[in-house]
Amino acid sequence: MPAWGGVVIGETETAVGAVQITGGDLSAGVVRLGTQSGGQASLWIRGGSLWASGLVVGEGGRLRIDGFHDGETYFSDLILDENGDFSAEPGSAISVNRFCNRSSDPTAVSGMRNLWLDVCGTNVGVLAEVEASCLDVGADVAGLFDGFALRGLELGEEDVFRMIKLLDEFDNQLGSTGREAMYVYDLIIHPDTQVDLTDANLYYLNATIGENVTFVGGEPTWVPEPACVGFFAPGAAWLLLGRRRRR
Ligand SMILES: [Ca+2]
């Protein structure tokens, strides 16, 4: 498998860098996209597999993912900085250990609504984290239209104990007060996973929760779907996709 060391794209004030991955297997250290003021950088994942210890999408960075391609995209840490740009087609999936979303502009990270986010977790004792980014409007479908809502969220690993936290460390909803929440259309929590919601709300439309799943700091809340709304029919396909993408 080819390997990159740390990768920096668009890191000087006048730099413009663009990388496309179209196939093959690639591993890398930390990949930084446009993390220096003035630098412009894009990473377009069109196919193949990429495993990296981290991806930082800086204020001049753009991450783009094509959906339903063969292969896997894994970042131990995925960081979307305040002005980072993220787009994803339907069917896109990313596996992470930690998802840090510092964006306050949902239009810049419009890929979230198409993204299946698989928070795998790592060894026992190492926490995995995901940032709550949505305005908490309660158990209402309106929350699913929040620009930071996720298409799918998968927590834990098959048959392995994992601890995962939902955090609210960044003010993604400028001008609002109160703890932010996470809204997801489809939620999967694998058996033997401990989920700490840290008193933030996790709302879901559909859920599969395994045996021996334990919750700390609250429990996920079901959002009833009004009959007139008619959300996505291909939910089952998404579930299969999420499982297939697992490492
Ligand atoms: Ca937040």
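Some ground rules. Residues are numbered from 1 along each chain as its sequence is written. The model is predicted, so local features need pLDDT of at least 70 and side-chain atom pairs count only at pLDDT 80 or more, while totals for chains, interfaces and linings use all residues.

Start with the whole chain. It has one helix and 18 strands. Those are DSSP runs, numbered from the N terminus: H or I of at least four residues for helices, E of at least two for strands. The chain has 247 residues, and 44% of them count as buried. Buried means 20 or more other C-beta atoms within 10 Å of the residue's own; exposed means 12 or fewer; partly exposed is in between; the C-beta atoms are placed from the backbone.

Now strand E7, residues 73–80. Six of its eight residues are buried. What does E7 pair with? Strand E5, residues 49–57, runs parallel to E7, with seven bridges. Strand E9, residues 92–101, also pairs with E7 in the parallel sense, over six bridges. Pairing takes at least two DSSP bridges between two strands. Two examples. Leucine 50 bridges to threonine 73 in E7. Tyrosine 74 bridges to serine 95 in E9.

Last, phenylalanine 170. It sits in the loop between strands E13 (162–167) and E14 (182–189). Why does phenylalanine 170 count as partly exposed? Because it has 17 C-beta neighbours inside 10 Å. Leaving out residues up to four places away in sequence, phenylalanine 170 touches Asn101, Arg102 and Glu131. Touching means contact: C-beta atoms, placed from the backbone, within 7 Å.

Conventions:
Two residues are in contact if their C-beta atoms, placed from the backbone, lie within 7 Å.
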